[in-house]
Amino acid sequence: MFQTAAGVTVPFPDKLREQYQRDGDTIICNLSFEKLSDFIHAFYASLTEPLFLAIHPDAEQDEVWYLDGMTKKQLTMILDGYGELLLQDGLSAFAIGSLATEEELFVQKYKVLSIYSPQIARMEKLLARFEVPRTDSIVTAWDTFSQAHPGEAQRLEIAGMTVLDMIGDLQKIGMYKG
């Protein structure tokens, strides 16, 4: 059964499947929540440094916070400390990518993934490792919403912190508002 993040409510989760759709150099992907952390780690492990992390504290707003010039080890330390909060929170979105190759994974609202790569076949191989099949017509969380059955996203607090608190902490090591 397809799992969603704690901060996300999808009216008809039974309509969601792990799958991806390719459009040129971009992939839109549904990935069940229990695989999301491992997939993110595998994604950035394959990237060329330096790396960046971009956080949208509210996915519906234009506000973006950046931490760039990172090594894989630095990003791992940040995700070890704050990853559960980023993954479970329903209101935020975030991106991880390479400043060298411009490859990027964007974890959008409702945890729909968008992957960009000029070497997109490489990303398809990564998705195959996670047993995510390709489709010509993906159904995402957004496709399940209607006026009568809207989706719902909530700001979560985990271990006494919200995404806004996390951004405050990361500003101490160079996170800046874009």
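So, before anything else: this is a predicted model. I searched the whole structure for cavities of 30 Å³ or more, and one turned up. How big is the volume of that largest cavity? It comes to about 120 Å³. There are 16 residues lining the cavity, and the ones closest to its centre are Phe2, Thr4, Leu31, Tyr110 and Lys111. If you sort the lining by class, you get eleven nonpolar residues, four polar and one charged.

Right, on to the helices. As you know, for two packed helices we quote the angle between their axes and the distance between the axes.

Take helix 2, residues 72–88, and helix 4, residues 163–171: their axes come within 10 Å and cross at roughly 160°. With that angle, helix 2 is roughly antiparallel to helix 4. The crossing there is left-handed. Which residues meet? From helix 2 we have Ile78, Tyr82, Leu85 and Leu86, and on the helix 4 side Val163, Met166, Asp169 and Leu170. That contact divides into seven nonpolar residues, no polar ones and one charged.

The other pair is helix 1, residues 33–45, with helix 3, residues 120–129. Here the axes come within 11 Å and the crossing angle is roughly 145°. This crossing is right-handed. Helix 1 brings Phe39, Ala42 and Phe43 to the contact, while helix 3 brings Met123, Leu126, Leu127 and Arg129. By class, that's six nonpolar, no polar and one charged.

Okay, that's what I have; over to you.

Key:
Residues are numbered from 1 along each chain as its sequence is written. This is a predicted model: local features need pLDDT of at least 70, side-chain atom pairs count only at pLDDT 80 or more; totals for chains, interfaces and linings use all residues. Side-chain values use heavy atoms; hydrogens and water are left out. On a 1 Å grid over the protein atoms alone, a cavity is a set of points where a 1.4 Å probe fits but cannot get out, and a pocket is an open set with protein on both sides within 12 Å along at least five of seven lines; lining residues have an atom within 4 Å of a point. Grid points are joined across faces, edges and corners, and a volume is the space filled by probe spheres set on the points. Ala, Val, Leu, Ile, Met, Phe, Trp, Tyr, Cys and Pro count as nonpolar, Asp, Glu, Lys and Arg as charged, and the others, Gly among them, as polar. Axes are lines fitted to C-alpha atoms, for helices over the stretch in contact, and angles run from 0 to 180 degrees between N-to-C directions. Helices (H or I, at least four residues) and strands (E, at least two) are DSSP runs, numbered from the N terminus. Angles under 35 degrees count as roughly parallel, over 145 as roughly antiparallel, 65 to 115 as roughly perpendicular and the rest as oblique. A crossing is left-handed if the near helix is turned anticlockwise from the far one by less than a right angle, and right-handed if clockwise. Contact means heavy atoms within 4.5 Å.
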